[in-house]
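Keep the 3D view open while you read.

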Amino acid sequence: MRRHSFDLVDYQILQELQADARKPAAEIARKFNLNERTVRNRIERMVEAGAIRLTCIVDPAFFGYVITADIFLEVDSEREHAVINALLAMPEVSYLAFGQGTQDLSIEVRFKNNEQLREFLRSVLPSIPGVHVKGYALVPRILRNIDEWMPPIEEFTEE
């Protein structure tokens with residue numbers, strides 16, 4: 001059962017905003033033969049519902065951060081809160097999530113070169129009390145990132 005009442009018009013608006021979040025409501029309205037106020041109201045409703053956030057996405061490669069790695073950690077349960085706070089404070093960490101196991105964390109990190117990644121794996125992470133690096137994987141290319149995800153169109157049709 002769906003917890004929202006979005007329709008195909010909302011889906012079209014979302015597609016336009018995903019392609020260009022700065023696209024004016026007037027331009028979206030013209031494209032779909034809608035009233036500009038309707039478009040603005042629908043965007044505001046989706047924001048207020050928590051369905052979307054209008055934000056800025058930074059391209060790491062533009063700033064020279066071309067090395068990406070997924071790192072899998074095991075964390076001492078008594079230190080979990082402190083470890084999470086330490087990881088959240090690190091600008092290298094672009095993603096942090098609980099893993100499948102009760103003591104597992106998964107992070108994604110960004111660096112300008114392999115030496116920075118090596119230092120992070122060999123020195124920075126092991127210096128955090130309660131952290132054990134279980135493994136890591138270099139990510140040569142991200143094919144779809146969270147900022148490109150959309151629910152299927154069926155989420156916007158009548159049930």
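This is a predicted model: local features need pLDDT of at least 70, side-chain atom pairs count only at pLDDT 80 or more; totals for chains, interfaces and linings use all residues.

Start with Arg-45 and Asp-10, which form a salt bridge whose closest N and O atoms are 3.0 Å apart.

Are the two partners buried or exposed? Arg-45 is partly exposed, at 30% relative accessibility, whereas Asp-10 is buried, with a relative accessible area of 0%.

| Salt bridge | N to O distance |
|---|---|
| Arg-45 and Asp-10 | 3.0 Å |
| Arg-40 and Glu-36 | 2.5 Å |
| Asp-76 and Arg-79 | 3.8 Å |

Arg-40 and Glu-36 are 4 residues apart in helix α3, so about one helical turn separates them. Arg-40 is partly exposed at 48% relative accessibility, and Glu-36 is partly exposed too, at 32%. As for the last pair in the table, Asp-76 is partly exposed with a relative accessible area of 28%, and Arg-79 is partly exposed at 39%.

Now for the sheet. In what order do its strands line up? The 4 strands form an open sheet in the order β2-β3-β1-β4, with antiparallel pairing. β2 (93–98) and β4 (131–138) are at the edges with a single partner strand each, so one side of each has no neighbour in the sheet. From one strand to the next, the twist averages 20 degrees.

Zoom in on β1 (residues 67–75) and β3 (residues 104–111), which pair in the antiparallel sense over 8 bridges. Ile-71 has Ile-107 in β3 as its bridge partner. Helix α5 (residues 114–124) packs on the sheet and touches β1, β2, β3 and β4, its direction making about 150 degrees with that of β3. Helix α4 (residues 80–88) also lies across β1, β2, β3 and β4, and runs at about 155 degrees to β2.

Finally, the rings: the whole structure has 3 aromatic pairs. Phe-62 and Phe-63 have ring centres 5.2 Å apart and planes at 80 degrees, so this pair is edge-to-face. Phe-62 is exposed, at 69% relative accessible area. Phe-111 and Phe-120 make a tilted pair, 5.2 Å centre to centre with 55 degrees between the planes, and both are buried.

Notes. Residues are numbered from 1 along each chain as its sequence is written. Side-chain values use heavy atoms; hydrogens and water are left out. Two strands pair if DSSP finds at least two bridges between them. Helices (H or I, at least four residues) and strands (E, at least two) are DSSP runs, numbered from the N terminus. Axes are lines fitted to C-alpha atoms, for helices over the stretch in contact, and angles run from 0 to 180 degrees between N-to-C directions. Contact means heavy atoms within 4.5 Å. Rings of Phe, Tyr and Trp (its six-membered ring) pair if their centres lie within 6.5 Å; planes under 30 degrees apart count as stacked, over 60 as edge-to-face and the rest as tilted. Buried means under 20% relative accessible area, exposed over 50%, partly exposed in between (1.4 Å probe, protein chains only). A salt bridge is a side-chain nitrogen of Lys or Arg within 4 Å of a carboxyl oxygen of Asp or Glu.
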